[in-house]
Amino acid sequence: MAPVNKPKHKGKALVAGATAGIFEICCTYPTEYVKTSMQLSTKNVSALDIIKSTYKSPGVLGFYRGLPSMVYFAAPKAAIRFASFETCSGLLTGPNGEDQYGLGKAKGFVAGLGAGTMEAIFVTTPQETIKVRLINDAFRTDGPPKYRSFFQGVKSIVSEFGIGGIYKGLAPTIIKVSTAQATRFGVFQLIPAEQRNTPIKAAMSGAFAGGVSVLAFQGIDVVKSRMQGLDAHKYKSTMHCVTELLKNEGPLAFYKGVGPRLTRVCLEVGITMSLYGEIVKVLDTVWKTDP
């Protein structure tokens, strides 16, 4: 997200973003699993409860249920995010590098908003729907799990609900991803360049930006998870989901899974921030694009 080493070539942004995204999700997925499981539960369960029950059955590999949906989408997701950010930044910048619309420090937030919207529409919504349903399916109490694998799960979802079935919760996902990316890109750019000019500094700055975005918009993530789960049919709209959560589970329900998500996002943004810039450096040495 707006790393110090920004590529001038859009192809480099795609490759660097995709590589960083795949590496990051393989490292952090267990925290995503615990977070989503907590959000889907209508009972008051802790992260430790989820960890214990998953470890007991089905074991360590249970923490990676739903991972394929993240891995298969990780490359296009990160690629679209970074390439869209670079494109939006370019549209907001004049031919001589000037701030074309006088946005000042808000330019990173605006470009991040555009990047997050593109990411949500083209990648995140179907990816999150599949991931949430695979995880939710593992905890069903009305019979054995219905989805045996990623591809069989996708086929079943599309067969039962149509293509629209993988676009459940589109509105809250757009809101969640666009505001999150706007905050992460924007906060990261607000940090002085000298405080993010090394991989370690970039990782720390990224982790801070990610943490801010989680604390600000955690409630949207909970609503999104509920609207994409196996019980999504209970909710008529985004606002209906919000009111039902508030009425039945109280305001603290909007912060379910905040601990695991805070851990996961800080690691995610820290890793991708630092790794993205380093991959760009490597690409610059082997992929000559300057005329």
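Buried here means under 20% relative accessible area, exposed over 50% and partly exposed in between, with a 1.4 Å probe and protein chains only. This is a predicted model, where local features need pLDDT of at least 70 and side-chain atom pairs count only at pLDDT 80 or more, while totals for chains, interfaces and linings use all residues. Residues are numbered from 1 along each chain as its sequence is written, and side-chain values use heavy atoms, with hydrogens and water left out.

**View 1. Arg264 and Glu24 pair up between helices H9 and H1.** Their side chains meet in a salt bridge at 2.6 Å, N to O (a side-chain nitrogen of Lys or Arg within 4 Å of a carboxyl oxygen of Asp or Glu). Arg264 belongs to H9 (residues 258-286) and Glu24 to H1, so we are looking at partners 240 residues apart (helices, H or I, of at least four residues, and strands, E, of at least two, are DSSP runs numbered from the N terminus).

**View 2. Glu268 has salt bridges to Arg81 and Arg264.** The Arg81 pair comes in at 3.6 Å, N to O. Arg81 sits in H3 and Glu268 in H9, so this bridge ties together parts 187 residues apart in sequence. Arg81 and Glu268 are both buried. The structure holds 21 salt bridges.

**View 3. Ile25 sits in the largest nonpolar core.** Such a core is a set of buried Ala, Val, Leu, Ile, Met, Phe, Trp, Tyr and Cys residues joined through side-chain atoms within 4.5 Å. Of its 13 residues, Ile25, Tyr29, Tyr33 and Val34 touch the most other members. Helices H1 (10-40), H3 (67-91) and H4 (107-138) each give two or more residues, and H1 has the largest share, 6 residues. Skipping neighbours within four places in sequence, Ile25 is in contact (heavy atoms within 4.5 Å) with Leu67, Met70, Val71, Ala74 and Arg264.
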